[in-house]
Amino acid sequence: MTDSDNGNFTYKLGLNWTVTDWLRFRGSFGTSYRAPALFEQFLADETSFTPQNRIDPCVNWGGNLAAGNISQRLADNCAADGIPINYGGGGISATIISSGGLGLLEAETSEAMVVGTILTPKFAFLPDTNFSLAVDFFDIKVEGEISQLGAGTILFGCYDSESFATEPLCNLFNRGQNATAIFQIDTVRDSFINVSSQRNRGIDVAFRAEHDFGSIGTFSITADMTWQLKNDSCLLPTSPLTSDNGEAGSPKWVGDFRANWSHPSGFSLFYGLNVIGGTSDQQ
């Protein structure tokens, strides 16, 4: 019986310092790990089929470059691979093979640091009102996350790489195996792998105010917000570091706002609002 988690262990250190009745500091640093699941290790080959133009970033790369939809680096790498400037990506579908990573997968590991402060001031002119404000800075690093990249991510990572000639992602697919369609993607191998590293850094802010109006009821407002300062990742040890902070699917700012009124009779009203900051789909 093998030790699939490589003997990893975790620890956590925490600090909580109450300076006054309205000011408190807190902080923690800890590690964690996750061993590969059975499914991620032993999944037998599963085959699916995907249209060429859904996964191949080199389809019509000339037109996409002129329209500003792709980077110059991606266009240069498509050209270096011999793909025609107006390649249409038609024909038979690409074969996607998914499988487990038995013998290759290692445990995920992570480090997380959080430091912050909590303010709970009291105001003489608002004796029936409670305030609290918490501000925390977090820095989370994950190494070896177990994941399937997906066929589209594999091909894009290959052709958008700064080291295209030696990019490991380019070894995960074959192009031009069909004699009648030499530029088509033939097979993509999308196995479970360890993603090299990810790092997420930001600031969390939580605010709450509650006032007791006596027989009228109690009114409270809360706000939870996150400013994402960094969201970097590196797919493989030899892949370049990439950042999607502020891009589609990874906004720099999100907020959750809620207002609640509760009457002593048990009747209450609630209103909530989720806000997501603007993002861009431009590389």
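## Salt bridges

D256 is partly exposed, with a relative accessible area of 28%; buried means under 20% relative accessible area, exposed over 50%, and partly exposed in between, with a 1.4 Å probe and protein chains only. The structure is a predicted model, in which local features need pLDDT of at least 70 and side-chain atom pairs count only at pLDDT 80 or more, while totals for chains, interfaces and linings use all residues. Residues are numbered from 1 along each chain as its sequence is written, and side-chain values use heavy atoms, with hydrogens and water left out.

The side chain of D256 meets that of R258 in a salt bridge, at 2.6 Å from N to O. A salt bridge here is a side-chain nitrogen of Lys or Arg within 4 Å of a carboxyl oxygen of Asp or Glu. R258 also counts as partly exposed, at 26% relative accessibility. The structure holds 14 salt bridges. Another of them joins the side chains of K141 and E143, at 3.3 Å from N to O. K141 is partly exposed, with a relative accessible area of 30%, and E143 is partly exposed too, at 37%.

## A salt bridge between two strands

R34 forms a salt bridge with E108, and their closest N and O atoms are 3.0 Å apart. R34 lies in strand β2 (residues 23-34) and E108 in strand β5 (residues 108-119), so the pair ties together parts that are 74 residues apart in sequence. Helices (H or I, at least four residues) and strands (E, at least two) are DSSP runs, numbered from the N terminus.

## Disulfides

The structure holds two disulfides, a disulfide being a pair of cysteine sulfur atoms within 2.5 Å. One is formed by C58 and C78, with their sulfur atoms 2.0 Å apart. This pair links distant parts of the chain, 20 residues apart: C58 is in the loop between α2 (52-55) and α3 (61-66), and C78 is in helix α4 (residues 72-80). The link of C58 and C78 is left-handed, with -85° about the S-S bond. Both C58 and C78 are buried.

The other disulfide joins C158 to C170, with 2.0 Å from S to S. C158 is in helix α5 (residues 151-159) and C170 is in the loop between α5 and β7 (173-175), so named parts 12 residues apart are linked. The link of C158 and C170 is right-handed, with 100° about the S-S bond. C158 is buried, with a relative accessible area of 1%, and C170 is buried at 18%. When the bonded cysteines of the chain are numbered in sequence order, the pairing is 1-2, 3-4. C234 is in no disulfide, and the nearest cysteine sulfur, that of C170, is 14 Å away. C234 is buried, with a relative accessible area of 9%.

## The nonpolar core

The largest nonpolar core has 26 residues. Such a core is a set of buried Ala, Val, Leu, Ile, Met, Phe, Trp, Tyr and Cys residues joined through side-chain atoms within 4.5 Å. The residues with the most contacts inside this core are I55, W61, C158, Y159, F173, I185 and V188.

Which elements supply at least two residues each? They are α4, β4 (94-99), α5 and β8 (185-191). Helix α5 gives the most to this core, with five residues.

## A nonpolar patch on the surface

L133, V135, F207, F213, I216, F219 and I221 form a nonpolar patch on the surface, with about 550 Å² of accessible area together. The elements that give two or more residues to the patch are β6 (129-147) and β10 (218-234). Patches are made of residues with over 30% relative accessible area and no salt bridge; like charges are joined within 9 Å, and nonpolar side chains (Val, Leu, Ile, Met, Phe, Trp, Tyr) within 5 Å. Accessible areas come from the Shrake-Rupley method with a 1.4 Å probe, and for residues only the protein chains shown count as cover.

I221 is found in strand β10. I221 is partly exposed, with a relative accessible area of 34%.

## Confidence

The mean pLDDT of the chain is 90, and 95% of its residues reach 70 or more. This score is the predictor's confidence in each residue, from 0 to 100. Confidence in the chain is lowest in strand β11 (residues 242-243), at a mean of 84, and highest in strand β12 (residues 253-262), at 97. Where pLDDT is low, the predicted coordinates should not be read in detail.
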